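Please take a moment with the sequence and the structure below before reading on. The paragraphs that follow lead from one region to the next.

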Amino acid sequence: MTKKLWQKDKETNALVEKFTVGKDREFDLLLAEHDVVASKAHAKMLQKIGLLSAADLKKVLDGFAQIEKQIKQGKFTIEEGIEDVHSQIEYQLTKTAGDAGKKIHTGRSRNDQVLTAVKLYLRSELKTISDQIKALFEIFISLSEQHKNVLLPGYTHLQIAMPSSFGLWFGAYAESLCDDMELVAAAYAICNKNPLGSAAGYGSSFPLDRKLTTELIGFDTLNVNSVYAQMTRGKSEKAMATALSSIGQTLAKFSYDICLYMSQNFDFISFPEELTTGSSIMPHKKNPDVFELIRGKCNLIQGIPNQLTLLTSNLPSGYHREMQLTKEVLFPAIAQLKDCLQILTFALPQVKVKKDILKDEKYLYLYSVDAVNDLVKKGMSFRDAYKKVGLEINNGKFKRPEELKHTHIGSIDNLGNDLIKAQFKKVLGKLL
């Protein structure tokens with residue numbers, strides 16, 4: 001039977017217990033260090049307003065120090081029979097600090113305690129993800145500059161369209177990460193508000209100093225309205241999920257490009273053999289499994305905001321037990337995205353691009369727009385020039401004039417990477 005600090009005389013039915021706890025204990029260890037941070041701030045605040053003596057505060061802080069050491073060493077566990085990480089921490093604290101440990105929950109509810117730890121965890125993960133995105137962004141920019149003059153056929157509808165370059169292609173994904181970071185920064189701002197002191201959603205009759213806990217924990221500001229503070233449970237998770245989904249969309253699309261461009265029918269890029277996988281019967285295969293898995297994982301991540309919407313959208317204000325399930329939906333997605341960013345950052349610098357792709361005659365029509373524009377520059381109306389070139393193509397008479405071979409490179413060469421880097425630096429500043 002699970003030990004509950006709030007339990008009175010009757011024990012919960014074992015089947016009900018198993019169902020309601022679910023997988024919560026599996027994810028709770030991720031919140032341990034954050035619960036300690038918030039609890040220490042709460043204890044200091046209680047001492048300031050006269051609800052905890054200086055001697056009791058010292059006992060409590062010494063107890064928390066021991067727990068923090070265990071967490072950092074990877075030795076902290078939730079014992080069998082303990083409900084969750086929050087109960088485990090208070091249980092250990094009471095063993096070391098005695099009656100002083102029993103006073104730590106004064107003026108707070110399990111609701112604002114959990115919500116605070118969750119927000120701190122999300123905030124920390126957003127910081128880690130932003131660091132990973134920064135590393136990937138710099139790789140994209142570097143590859144863009146390195147290959148800015150290597151031409152690449154552009155496609156629309158999977159039909160050849162116009163000349164492009166590897167510089168534009170890599171740079172496009174760098175800029176995509178800029179927009180992704182805007183959502184990361186927005187999610188961070190939402191998670192960076194202190195809900196501690198809202199208790200079960202209706203405040204406390206104790207004269208809690210919420211501004212002090214906000215400063216001690218390091219939140220930027222606080223959730224002012226106690227009812228709304230509780231409403232941010234689920235909303236904060238969805239804000240983060242939206243950011244993850246946006247990053248996932250960028251990584252999935254890029255990985256699809258990689259898989260396409262590595263195929264023999266395109267043959268634009270390659271990777272060292274150690275980054276590819278083989279076939280059990282076809283000795284020639286060099287499969288892009290890494291990128292296929294990134295694509296698949298990130299496509300699933302893009303569904304997380306919808307799952308959270310379905311989980312929370314029909315709930316009234318106040319806390320409801322469904323909120324526990326947000327961890328099962330979101331926490332694994334965070335880990336998956338971090339893994340995808342890590343492997344992509346490792347693999348991408350090893351890409352090899354093929355040169356002189358556009359010399360192949362099948363890319364002749366990539367220059368049709370340049371041919372039209374050349375006629376316009378010579379005085380012909382656009383409509384007549386378009387018709388003239390179109391008829392030449394239909395009649396099999398279109399030829400790429402020698403002077404048009406490189407006319408498009410000028411606009412391709414103007415990557416705008418300095419502006420993209422400035423944009424990224426600006427949005428990154430919102431997280432610092």
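In which loop does Ile357 lie? Ile357 lies in the loop between strand S6 (352–353) and H14, where helices (H or I, at least four residues) and strands (E, at least two) are DSSP runs, numbered from the N terminus. This is a predicted model, in which local features need pLDDT of at least 70 and side-chain atom pairs count only at pLDDT 80 or more, while totals for chains, interfaces and linings use all residues. Residues are numbered from 1 along each chain as its sequence is written, and side-chain values use heavy atoms, with hydrogens and water left out.

With a relative accessible area of 6%, Ile357 is buried; here buried means under 20% relative accessible area, exposed over 50%, and partly exposed in between, with a 1.4 Å probe and protein chains only. Although Ile357 and Leu151 are 206 residues apart along the chain, their C-alpha atoms are separated by 7.0 Å. Leaving aside neighbours within four places in sequence, Ile357 is in contact with Leu151, Leu152, Pro153, Phe166, Phe268 and Tyr363, contact meaning heavy atoms within 4.5 Å.

After H14 comes Gly379, whose phi is positive, near 115°.

A positive phi also occurs at Leu158, which has a value of about 60° although it is not a glycine. Leu158 sits in the loop between strand S1 (151–156) and S2, and with a relative accessible area of 59% it is exposed. Ala199, again not a glycine, has a positive phi of about 55°; this residue lies in the loop between S3 and H9, and its relative accessible area of 8% makes it buried.

Tyr202 belongs to the loop between strand S3 (193–194) and helix H9 (210–217). Is Tyr202 buried or exposed? Tyr202 counts as exposed, because its relative accessibility is 62%. Not counting residues up to four places away in sequence, Tyr202 touches Ser226, Val227 and Gly318.

Next comes a pair of helices. Two packed helices are described by the angle between their axes and the distance between the axes. The axes of helix H3 (residues 32–48) and helix H4 (residues 54–72) come within 10 Å and cross at roughly 170°, the axes being lines fitted to C-alpha atoms, for helices over the stretch in contact, with angles that run from 0 to 180 degrees between N-to-C directions. H3 and H4 are therefore roughly antiparallel to each other, since angles over 145 degrees count as roughly antiparallel, under 35 as roughly parallel, 65 to 115 as roughly perpendicular and the rest as oblique.

In H3, residues including Val36, Ala43 and Gln47 meet residues in H4, among them Leu57, Phe64 and Ile71. The residues of this contact of H3 with H4 divide into 10 nonpolar, 2 polar and 4 charged, where Ala, Val, Leu, Ile, Met, Phe, Trp, Tyr, Cys and Pro count as nonpolar, Asp, Glu, Lys and Arg as charged, and the others, Gly among them, as polar.

Elsewhere, Thr250 is found in helix H10 (residues 226–262). Thr250 counts as buried, because its relative accessibility is 5%. Apart from neighbours within four places in sequence, Thr250 is in contact with Tyr173, Ser176, Leu177 and Asp180.
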